[in-house]
Structures are given as structure tokens and as C-alpha cells.
Amino acid sequence: MDLSVVVPTLNGRDRLAGCLDALAEHASDAEVVVVNGPSSDGTTGMVRDRDDVDLLVEIADRRLNVARNAGLDRASGDVIAFVNHELSVEPDWRSALAAGIETADVVTGPTHQELKAGMTTESVESTTIKGRTVTYFNGDNAAFTRTALDAIDGFDEYLRTGGARDVAHRLAGQDYEVTWRGDMSVRGEYGTDGGVTDTDWRWKYRSLAYRLTKNYGLRPTVVRRLVGHAVRDAGGGLRAVAGGSIEPSQWFGNGRDVLAGLAVGLKDGVRARWRDRTAARNPNGRADRTDRAVSVYDWR
């Protein structure tokens with residue numbers, strides 16, 4: 001197995017250094033590809049001063065899926081892993097990845113976070129839509145065979161959030177297998193979440209409506225899921241209003257954002273489904289652009 005590890009980053013120099021240190025210690029045989037968005041914190045200089053990075057790709061776009069595809073474009077391995085720059089791989093990560101990818105097309109594992117009361121982690125999550133079993137993966141810690149990534153044309157660059165979930169649906173649509181290994185773990189400090197802060201309700205529902213409509217069409221199952229998500233979130237918001245943590249005006253504003261996101265996502269999802277009627281279901285993937293990289297430093 002020839003392993004490439006793609007590490008997208010944006011203004012995260014110090015945590016990126018910790019991520020790269022862990023890769024050098026626990027996956028020293030891997031090709032390391034750092035994809036740097038338009039950072040302004042000296043990330044470029046820090047990476048260029050290291051001798052354990054094989055490739056630095058500079059891009060002008062802040063979107064995570066663009067960075068992922070830019071790294072995929074340049075990586076040379078037959079297995080491609082993606083690791084969040086704020087996380088550090090743990091000692092068994094490399095061997096767990098190798099064992100998992102022998103029997104599956106995608107292998108993923110948990111993110112451990114230290115809390116005052118102990119440690120939190122995640123577990124495997126799956127669902128069934130239109131008779132299709134979809135196994136979700138940790139987008140901050142996942143490895144793919146190149147064959148699987150090529151078949152789905154990489155990540156959908158339309159999406160600002162939910163890119164990993166969209167990939168899970170498209171992998172399931174082509175019967176690629178996703179496996180979960182608890183020992184393929186990464187670690188982050190409490191509060192590390194890949195840069196997500198307050199919920200952007202408009203983009204959350206725009207992404208949800210887009211990826212469901214793009215992958216399954218505008219069918220009753222999709223509508224029920226969208227309504228169900230909105231009702232649950234609305235109920236949670238009402239409880240927050242009752243508890244005094246948010247104002248009623250904020251709840252109404254969030255509701256407007258949800259409706260606006262749903263409308264745009266449904267429209268764009270129908271259009272995307274029409275544009276790419278292949279099994280890849282990715283009209284905004286790798287093949288759509290060739291201008292992602294602004295500068296490339298290759299030390300291979």
C-alpha cells in the first residue's frame with residue numbers, strides 16, 4: 001500500500017505543526033500533502049521549513065472540499081487519507097488504516113477529545129434511504145482507495161458543509177464499502193471541531209436539501225427527511241427560547257434561514273441531478289476544475 005495523507009489547512013499554523021509531528025512519528029512512510037488555503041499566519045513558511053512534508057499546495061479558495069480535491073489531484077498514493085489539521089493521529093492509526101483498507105474501500109475512525117471529566121469519542125453511524133444503506137464516515141479522519149475516489153470524482157465543491165455526508169451517499173450508490181475501526185483514531189483538544197462555530201442554518205439546510213435531492217431526486221422520502229430535520233431543530237429552538245438561552249426574534253430569524261436554505265438547496269439539487277446523471281452524481285467535482293492550485297512546492 002502506497003499511502004498519501006492530505007492535510008487541508010487554513011490559518012492553523014500551530015495546530016498544523018502538531019498534526020505533522022504526529023504523522024512524522026506514527027506514519028513516517030506516508031506521502032504528506034499539505035493544502036494551504038489563503039492563510040495569513042505564516043503557514044507557508046512553517047511548512048517550507050520542515051523536511052517531513054512532501055508537497056505543499058497553495059490555493060486561493062477557502063472551501064474545504066476544494067482543498068480536499070486539490071490534495072487528491074497531486075497525491076500519488078493508491079490509498080488517500082484525509083486528516084484535519086487540528087488533529088493528531090494516534091500510535092495505532094497507521095496499522096489500523098492498513099488493516100481496514102484491506103477489506104473495505106473506505107476506512108474511518110473516531111476523534112478523541114479530552115474533557116475535564118474524561119474523554120469523548122464517536123461511534124459508527126448509518127442510515128437507510130431508498131433501500132440504500134449509507135454508512136457515514138468521519139471527514140476529519142478517513143482513508144479511501146483511489147479507485148473509490150475516482151469513481152465518485154472526489155468531493156463536491158458546491159458544498160461548504162456536509163461534504164463528507166454527500167460522499168457517503170455517493171459511495172453507497174456504487175456499492176463501495178465503508179468500515180469503522182476504533183483504533184484508527186485521532187486526537188484533538190477540547191473544542192476542536194474543524195473550524196465550525198455557530199450553526200449557519202441557511203447553509204446547513206441548503207447543503208442537506210442539495211445532497212439529498214441530488215442523490216435521490218425530489219421524492220416523498222427526501223421531503224419527509226427534510227421536514228423531520230426542520231421540525232426537530234425548530235423544537236430544539238423553542239426549548240432554548242423557553243430556557244432563556246436565545247431570544248424569540250433569533251428563533252424566527254433562524255427559521256427564515258432554514259426556509260431560504262431549503263428553497264435554494266432543492267433548486268440546486270434538482271439542477272445538479274440533471275447535470276450529472278452518471279453514478280458519480282458530482283457535477284462540481286474534480287473533473288469540473290483544473291485551476292485549484294495557485295502555487296505548488298514539490299519536494300518528492
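This is a predicted model: local features need pLDDT of at least 70, side-chain atom pairs count only at pLDDT 80 or more; totals for chains, interfaces and linings use all residues.
At 23% relative accessibility, does D52 count as buried, partly exposed or exposed? D52 counts as partly exposed, where buried means under 20% relative accessible area, exposed means over 50%, and partly exposed covers what is in between (1.4 Å probe, protein chains only).

Residues are numbered from 1 along each chain as its sequence is written, and side-chain values use heavy atoms, with hydrogens and water left out.

Let's start with strand β2, residues 31-36. Helices (H or I, at least four residues) and strands (E, at least two) are DSSP runs, numbered from the N terminus. In a regular strand the side chains alternate between the two faces of the sheet. In β2 both of those faces are covered: E31, V33 and V35 are buried on one side, and V32, V34 and N36 are buried on the other. That accounts for 6 of its 6 residues.

What does β2 pair with? Strand β1 (residues 3-9) runs parallel to β2 and is joined to it by 6 bridges; two strands pair if DSSP finds at least two bridges between them. If you want a spot to look at, V5 stands opposite V32. Strand β3 (residues 55-59) also pairs with β2 in the parallel sense, over 4 bridges, and there V57 is the bridge partner of V35. The chain gets from β2 to β3 through helix α2 (residues 43-48), in a right-handed β-α-β crossover. Right-handed means that, with the strands pointing away from you, the path from the first strand over the helix to the second runs clockwise. β1, helix α1 (residues 13-26) and β2 also make a right-handed β-α-β unit.

Leaving out residues up to four places away in sequence, V35 touches V6, V7, P8, T9, V57, I59, A67, A70 and G71, contact meaning heavy atoms within 4.5 Å. V35 also belongs to the largest nonpolar core, which has 41 residues; V35, F137, F144 and L171 touch the most other members. A nonpolar core is a set of buried Ala, Val, Leu, Ile, Met, Phe, Trp, Tyr and Cys residues joined through side-chain atoms within 4.5 Å. Helix α7 (residues 201-216) gives the most to this core, with 6 residues. The core lies between domain 1 (3-194 + 284-298) and domain 2 (201-275), because both give residues to it. Apart from it lies another core of 30 residues, among them V7, A27, V34 and L87.

Those domain bounds come from an automatic or database domain assignment. The C-alpha centres of domain 1 and domain 2 lie 27 Å apart, and their contact takes 18 residues from domain 1 and 16 residues from domain 2.

Back to charges. Side chains of opposite charge can pair when their charged atoms come close. Across the whole structure, a search finds 22 salt bridges. One of them joins E86 to R15, with the closest N and O atoms 3.5 Å apart. This pair links distant parts of the chain, 71 residues apart: E86 is in the loop between β4 (79-83) and β5 (88-89), and R15 is in helix α1. E86 is buried at 17%, whereas R15 is partly exposed at 34%.

E125 and R165 form another salt bridge, at 2.7 Å between the closest N and O atoms. E125 sits in the loop between β8 (118-120) and β9 (126-129) and R165 in helix α6 (residues 163-173), so the pair ties together parts 40 residues apart in sequence. E125 is partly exposed at 39%, and R165 is partly exposed at 30%. Elsewhere, salt bridges that share partners join D73, D150, E157, R286 and R292 into one network.

Finally, helix α6 itself is mostly covered, with 9 of its 11 residues buried. Its buried residues include H169, R170 and L171. After α6 comes D175, whose phi is positive, near 65°.

Key. A salt bridge is a side-chain nitrogen of Lys or Arg within 4 Å of a carboxyl oxygen of Asp or Glu.
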